[in-house]
Amino acid sequence: MLDIQTIRKDFPILERTVYDKPLVYLDNAATTQKPAAVVEKIRDGYYNVNANIHRGVHFLSQAATEAHEEARREVQRFVNARSPHEIIFTRGTTEAINLVASGFADALLSPGDEVIISAMEHHSNIVPWQIQAAKRDIAIMVAAVDEKGELCMDSYRRLFSGRTRLVAVTHVSNVLGTVNPVEDIINIAHSHGVPVLIDGAQSVPHTRVDVQALGADFYVFSAHKIYGPTGIGALYGKEEWLDKLPPYQGGGEMIASVSFEKTVFNELPFKFEAGTPDYIGSTAFAEALRYVERLGMDQIADYEQELLRYATERIQSLDVPVRIFGRADHKSSVLSFLTGDIHHYDMGMLLDRFGIAVRTGHHCAQPLMKALGIEGTVRASFAFYNTKEEIDVFVAGLERTVKMLTKR
Ligand code: PMP
């Protein structure tokens with residue numbers, strides 16, 4: 001059992017007030033708060049270990065290099081990659097998907113080829129493919145989502161053709177909370193000889209991920225959604241696939257040798273890490289992973305499920321019709337909803353005045369909103385530091401807001 005009150009002390013921001021009300025932070029799917037250990041790691045990095053990494057002969061440079069490469073090994077262990085050089089540090093999920101989309105299109109896609117995505121993707125797993133599609137005349141095929149918010153596996157199966165080259169789908173929907181059956185998704189793709197990229201932005205913070213057990217060819221995620229710093233994330237790629245992709249950017253670090261006649265690219269993972277990397281961010285990222293490992297991913301998952309169940313029950317007790325978007329059997333701790341005919345934005349604004357932070361709008365998933373026939377939702381998303389008491393405050397805030405806006 002997690003001791004939530006003790007855990008909350010690790011997150012100083014949770015003590016603050018907003019408009020003189022205690023902060024109730026329920027926007028964890030957008031970004032998570034940072035434990036003191038992560039912030040301290042950043043401070044310590046800059047105060048005590050700061051020097052540019054790789055190739056430095058001096059003490060600090062070697063210490064910073066070792067810390068950065070140890071961080072890579074931590075990420076490797078966390079997702080159970082086979083080797084540290086299968087972990088590429090990126091700016092986050094978005095950059096990781098762009099890297100794969102760009103490299104894949106450059107090296108492996110021809111006009112008429114097809115990439116399969118799903119109707120529940122975040123814009124960051126739609127637009128990079130559209131950019132490549134426009135350049136190379138590639139078709140994007142979209143697997144449907146059913147009324148419960150689950151991926152329609154028949155629709156997915158039917159999309160495969162002799163021209164399918166890649167599947168790119170999210171593990172967990174940031175809007176619906178749906179946990180997709182990624183193992184099946186991958187097995188089906190592999191039976192057609194097609195590799196799979198999984199967007200793990202919303203899964204890695206909430207559940208144990210083993211990329212080898214899943215068989216994913218690429219798996220991407222962001223540090224800031226798993227209690228780490230902003231501006232850094234990871235791309236896991238199977239060595240055989242990373243080897244096939246050309247560099248994403250050119251510059252220092254990513255070369256073995258440069259002359260004006262010929263440049264030889266560096267080996268993995270450096271081939272994809274042009275320029276000075278965020279070596280302070282990487283160590284703080286690793287610290288965040290150690291933090292959640294200490295709590296235990298299984299305990300985190302169990303407790304967050306309890307919060308989701310409780311919140312789902314409580315909002316259904318409101319004296320107004322509540323539409324919940326995302327009724328999948330297997331859901332992560334995301335609750336998207338609309339109350340009566342109240343606009344999501346009005347609801348979010350008024351909740352904010354009570355110190356309650358939720359997200360409103362299309363959640364960077366406009367095609368999904370269109371499929372649902374709505375413009376946006378109110379989204380509350382829970383992390384292990386949230387409590388049932390906070391959910392009570394949230395539901396009380398909803399009740400007051402409903403009264404104010406419907407003038408009952
Ligand atoms: N995919 C999903 C499912 C997400 O929820 C997000 C962030 N909302 C992203 C991708 C993009 O992540 P980032 O902005 O950290 O690159």
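A polar side-chain atom of Gln-202 lies 2.7 Å from an oxygen atom of the ligand, a polar contact in the sense of a pair of N or O atoms within 3.5 Å, where within protein one must be able to donate a hydrogen and the other to accept it, and residues adjacent in sequence count only if both atoms are side-chain atoms. An N or O atom in the side chain of Ser-222 is likewise 2.7 Å from an oxygen atom of the ligand, while for His-122 a polar side-chain atom is found 3.2 Å from a ligand nitrogen atom. Of the 400 Å² of accessible area that the ligand has on its own, the protein covers 85% (Shrake-Rupley method, 1.4 Å probe; for residues, only the protein chains shown count as cover).

This is a predicted model, in which local features need pLDDT of at least 70 and side-chain atom pairs count only at pLDDT 80 or more, whereas totals for chains, interfaces and linings use all residues. Residues are numbered from 1 along each chain as its sequence is written, and side-chain values use heavy atoms, with hydrogens and water left out.

The chain is assigned, by an automatic or database domain assignment, to domain 1 (4-30 + 296-406) and domain 2 (39-293), whose centres, taken over C-alpha atoms, are 28 Å apart. In contact, meaning heavy atoms within 4.5 Å, are 36 residues of domain 1 and 28 residues of domain 2.

How much area is buried between domain 1 and domain 2? The value is about 2,600 Å², with 56% from carbon and sulfur atoms, where buried area is the accessible area (1.4 Å probe) that two parts lose on being put together, summed over both. On the side of domain 1, Met-297, Cys-364 and Leu-368 lose the most area to domain 2, together 24% of what that side buries.

Two salt bridges are found across this interface, each a side-chain nitrogen of Lys or Arg within 4 Å of a carboxyl oxygen of Asp or Glu.
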